[in-house]
Amino acid sequence: MTAVAQTYQDHSRAVWKLGMPLILSNLAQFAIHITDTVMLGWYSVTALAASTIAGTMFFVIFIVGAGFSQAVTPLVAAAAEEDDDVQVRRVTRMGLWLSILYGLIVTIPFFWAEDILIAMGQDAEVADLAHIYLQIVIWQMVPALIVMTLKAFLAAMEHTAIILWATIGTAVLNGFVNYALIFGNWGMPELGIKGAAIASLTVTTITVLILVIYILRVLPQFQLFKNFWRSDSEIMKRVYKLGWPIGLTSLAEGGLFSASAVMMGWIGPLELAAHGIAIQLASLTFMVHIGFSQAATVRAGRALGRRDKASLRRGGITAIGMSAIYAVVTSLIFLAIPETLVSLFIDPAEPERATLLRIGASLIMVAALFQLVDGLQVLALGLLRGVQDTTVPMIMATFSYWVIGLPVSYILAFKFNMGGVGLWLGLVIGLAVAAVLMMTRFWGRSVKITPHPSSL
């Protein structure tokens, strides 16, 4: 059992100690996607647009299954606080089972990716390249979900250093493999977008191996992989019950951004490419908020395991405050140098460079508004998951993103002829509604710890 934080200063130290490795590992993980974007942007604008739409399609399917792995964190954290090693093992195993089963099933639609993208109104050349990319990346689905589940287990056990170093190592490897295979350097064939896909699959597989070896050597007492084939219907139902709303919540948000990419594609390939750049930058800063949210989930889960209402409240305030300060800083940076940020992703010799800079800079200005509302809503989600409250937040998220955010995006972009800027303003409005609803939920109800976690 970990030491119990008492003061706000104690909570700040605890959130920082737990959250910083998670934040840095999120940034390192995102560096893989940034590397793909930068290198493909330098290789070809069409390849960049294709990777944007293909990555979006993959991510939407992936995040639903990731809900099962994210359910592992609060359940393992609560069990660990109660010193129940058997429960820790049962939860993690069934989280892996659900992740693997889901991953195997959802690979099937990707074989018709080109037809799906064309039916969605995407440019034929972009759809063809996206299909080539996805035929390799589909084999990344299962190992990527396994990585998510193992990271969830390690985070709940507060073994976050290995997550950080494994991610940094594979991010560096991804850069070298990308450089070799996209451009044909060091005697390797020039594969373009296919090379980026091979790099992503390679580093994900290596990450699985690293985490499995670490768990076997450092945490052998849990015996996570011994008799792995044995089912546990009771715990599987519990992980499933907690995990599917998390997955659908992530789908609601991820689907919102995916739909925005599709609508941006209706406007034009250049707008879609600029959207991809702006999304990468906004997502990069968002990784820090996710790290704070993950730390909040663990801290809330452990407070739940102790039935410690005071720690839950103070820890929640601390995590929210730290995330809000960071949001203000990043917003100011986005507002100060938007064109400079966008230019990092575009080849100086690109004929359409000026247009891409203009479009991308306007989107970055709107992305500055993202920072606070997106940070608040993901912190609320993290705290709610920590106290195992996931179903109502799922409904709130779906309403905010799809009933409010997406229609407003469409109206501003196409009815008021505001283009990409209008589309992004609609996203900000949807996220703001989600932040208000879910913060109200946590502070009004879920912060009140009840005698049994199952009653939350």
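This is a predicted model: local features need pLDDT of at least 70, side-chain atom pairs count only at pLDDT 80 or more; totals for chains, interfaces and linings use all residues.
A residue counts as exposed when its relative accessible area is over 50%.

**View 1. Asp83 in the loop between α2 and α3.**
Asp83 sits between helix α2 (45-81) and helix α3 (85-106). The phi angle of Asp83 is near 60 degrees. That value is positive, in a residue other than glycine. Is Asp83 buried or exposed? The relative accessibility of Asp83 is 52%, so Asp83 counts as exposed.

**View 2. Asn417 in the loop between α14 and α15.**
Helix α15 covers residues 419-446, and Asn417 is found in the loop between α14 and α15. Asn417 is not a glycine, yet its phi is positive, at about 55 degrees. How exposed is Asn417? Its relative accessible area is 67%, so Asn417 is exposed.

**View 3. Helices α1 and α14, the two ends of the confidence range.**
Helix α1 spans residues 8-43. Confidence in the chain is lowest there, at a mean of 81. Helix α14 spans residues 391-415. Confidence is highest in α14, at 94. For the chain, pLDDT averages 87. A score of at least 70 is reached by 96% of the residues.

**View 4. Residues 452-456.**
Over this stretch pLDDT stays under 50. How many contacts beyond four places in sequence does the model have for residues 452-456? The model has 13 of them.

**View 5. The fold and its packing.**
The chain holds 15 helices and 0 strands. What share of the 456 residues is buried? Buried residues make up 58%. The C-alpha trace spans about 60 × 45 × 35 Å along its principal axes. A compact globule of 456 residues would have a radius of gyration near 23 Å. The chain has 21 Å, so it agrees with that expectation.

**View 6. The surface and the charges.**
The accessible surface of the chain comes to about 17,900 Å². Carbon and sulfur atoms own 68% of that surface. The chain carries 27 positive and 25 negative charges.

Notes. Residues are numbered from 1 along each chain as its sequence is written. Side-chain values use heavy atoms; hydrogens and water are left out. pLDDT is the predictor's confidence in each residue, from 0 to 100. Helices (H or I, at least four residues) and strands (E, at least two) are DSSP runs, numbered from the N terminus. Contact means heavy atoms within 4.5 Å. Buried means under 20% relative accessible area, exposed over 50%, partly exposed in between (1.4 Å probe, protein chains only). The radius of gyration is taken over C-alpha atoms; the globule rule is 2.2 Å times the number of residues to the power 0.38. Accessible areas come from the Shrake-Rupley method with a 1.4 Å probe; for residues, only the protein chains shown count as cover. Lys and Arg count as positive and Asp and Glu as negative; His and the chain ends are not counted. The place of a charge is taken as NZ of Lys, CZ of Arg, CG of Asp or CD of Glu.
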